[in-house]
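Please open the structure in your viewer and keep the selection tool at hand.

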Amino acid sequence: MKNQYPKSFSHIGLTVPNIKEAVKFYSEVMGWYVIMEPSIIKKESETAIGQMCIDVFGEEWETFEIAHLSTSDGIGVELFCFPHGVKEAPAFNPFNTGLFHFCIQDPNIEELVAKIVSYGGKQRMPIRSYDPNDKPYQMCYVEDPFGIVFEVYTHSYELTYSSGAYAK
């Protein structure tokens, strides 16, 4: 078959209750670069961006705020804030179909988890090792101050799973 190659990950979009607080959290805690400060987008069809937003969100909105950040490896993080949206994160339910979490990599997991908590986030579990007697790979589920759940790994996805993280 043609085009059988792995596609790269471009970005993730997160809806947050307060765009300025979210930019502060993700830039200060994660160290992500702010590549576009929070901006207001108004519903209009005279520009390409305006028409795109109508195509994506439909007609039931008038304005929203958006900011763009980037990780050290160039993955984009698009932050959205809608004035009339629900300001609470949905209940954590990984058993239902949908986006479950995203994952951040940092070799100093203890420091990052502590910083997340110090900025109002939560540590959802103890930091765990996949194979404490054999491999240094650790992970932990956390959530940001807005209730968005994500995971922290100490090592790359490929390293963590290539040796069979679940098998002896």
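**First stop: a proline**

Select Pro 17, which is partly exposed at a relative accessible area of 28%; buried means under 20%, exposed over 50%, and partly exposed in between, with a 1.4 Å probe and protein chains only. This model is predicted, so local features need pLDDT of at least 70 and side-chain atom pairs count only at pLDDT 80 or more, while totals for chains, interfaces and linings use all residues. Residues are numbered from 1 along each chain as its sequence is written, and side-chain values use heavy atoms, leaving out hydrogens and water.

Pro 17 sits in the loop between S1 and H1; helices (H or I, at least four residues) and strands (E, at least two) are DSSP runs numbered from the N terminus. Leaving aside residues up to four places away in sequence, Pro 17 touches Cys 81, Lys 87 and Phe 146, where contact means heavy atoms within 4.5 Å. Display also Phe 80: its C-alpha atom is 8.4 Å from that of Pro 17, although the two residues are 63 apart along the chain.

**Second stop: the sheet**

Now colour the four strands that form an open sheet, with mixed pairing, in the order S1-S4-S3-S2. Two strands pair if DSSP finds at least two bridges between them. S1 and S2 (33-42) are the edges; each has a single partner strand, so one side of each lacks a neighbour in the sheet. S2 and S3 run antiparallel and are joined by seven bridges. Within this pair, Ile 41 stands opposite Phe 64 in S3.

Which residues have the most contacts inside the largest nonpolar core? They are Tyr 26, Met 30, Leu 79, Phe 102, Ile 116 and Phe 150, in a core of 28 residues. Such a core is a set of buried Ala, Val, Leu, Ile, Met, Phe, Trp, Tyr and Cys residues joined through side-chain atoms within 4.5 Å. H1 supplies the largest share of this core, five residues. Apart from it lies another core of eight residues, including Ile 41, Trp 61, Phe 64 and Phe 80.

**Last stop: two cysteines**

A disulfide is a covalent bond between the sulfur atoms of two cysteines; here the criterion is a pair of cysteine sulfur atoms within 2.5 Å. A search of the whole structure finds zero disulfides. Cys 103 is partly exposed at 35% relative accessibility, whereas Cys 140 is buried at 0%.
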